[in-house]
Amino acid sequence: ELCDTLVLDCPPGMSLLSENVLRAADAIIVPVLPSPLSLRMLEQLQSFVAAEGWSDLAILPFFSMVDRRRSLHEQVIAEARSRFPSLLKCEVPYWSEIERMSVRRAPLPAFAPHSPAAQIYAALWKEIDSRLRP
């Protein structure tokens with residue numbers, strides 16, 4: 001089965017661009033930092049989508065830049081998991097290996113295909129795929 005995927009990386013916040021991306025999308029993958037402000041953004045996004053009546057738009061949030069050594073991250077993640085059942089299980093940690101993607105201007109599979117970080121992203125995409133094709 002052929003599946004077309006287009007990934008548009010938009011800055012956070014509601015703008016004419018992001019509204020049109022939402023209008024055209026079947027699913028939106030939302031990286032969420034483990035912070036109260038990011039949870040508020042996710043809540044606003046879900047409210048906006050509901051107000052527009054886009055019930056067929058899948059919103060797939062996941063935690064990114066997670067540092068489990070920080071008590072605030074632990075607390076926010078625990079709260080979010082109870083408030084937002086659509087949160088993906090996979091979490092992307094705050095690792096320098098992941099930050100190197102921007103320095104190298106390349107995705108992890110290009111320079112570290114067998115690294116633990118690349119395996120986390122592979123697991124994330126597998127979970128996304130399973131949510132979109134049950």
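1. Helices α4 (residues 96-104) and α6 (residues 116-132) pack at about 85°, with axes 8 Å apart. Axes here are lines fitted to C-alpha atoms, for helices over the stretch in contact, and angles run from 0 to 180 degrees between N-to-C directions. The two helices are therefore roughly perpendicular (65 to 115 degrees; under 35 is roughly parallel, over 145 roughly antiparallel, the rest oblique). Glu-97, Ile-98 and Met-101 of α4 meet Pro-116, Ala-117 and Tyr-121 of α6. Contact means heavy atoms within 4.5 Å. The residues of this contact divide into five nonpolar, no polar and one charged. Nonpolar covers Ala, Val, Leu, Ile, Met, Phe, Trp, Tyr, Cys and Pro; charged covers Asp, Glu, Lys and Arg; the others, Gly among them, are polar.

2. On provenance: this is a predicted model, where local features need pLDDT of at least 70, side-chain atom pairs count only at pLDDT 80 or more, and totals for chains, interfaces and linings use all residues. Residues are numbered from 1 along each chain as its sequence is written, and side-chain values use heavy atoms, leaving out hydrogens and water.

3. Helix α2 (residues 36-52) has 17 residues. From first C-alpha to last it reaches 24 Å, close to the 24 Å expected at 1.5 Å a residue (1.5 Å times one less than the number of residues). Helices (H or I, at least four residues) and strands (E, at least two) are DSSP runs, numbered from the N terminus. Just after α2, Gly-53 has a positive phi of about 80°.

4. Buried residues in α2 are Ser-38, Leu-39, Leu-42, Leu-45, Phe-48 and Val-49. Buried means under 20% relative accessible area, exposed over 50%, partly exposed in between (1.4 Å probe, protein chains only). Their cover includes α1 (16-24), β1 (27-32), β2 (58-66) and α3.

5. Leu-45 has a relative accessible area of 7%. Leaving aside residues up to four places away in sequence, Leu-45 touches Met-14, Leu-22, Val-30 and Ile-59. Ile-28 is 17 residues from Leu-45 in sequence and 10 Å away in space, C-alpha to C-alpha.

6. Phe-48 and Trp-54 have ring centres 5.7 Å apart and planes at 75°, so the pair is edge-to-face. Rings of Phe, Tyr and Trp (its six-membered ring) pair if centres lie within 6.5 Å; planes under 30 degrees apart are stacked, over 60 edge-to-face, the rest tilted. Both residues are buried.

7. His-73 sits in α3 (residues 71-83). At 8% relative accessibility, His-73 is buried. Residues up to four places away in sequence aside, His-73 touches Pro-34, Met-65, Val-66 and Asp-67.
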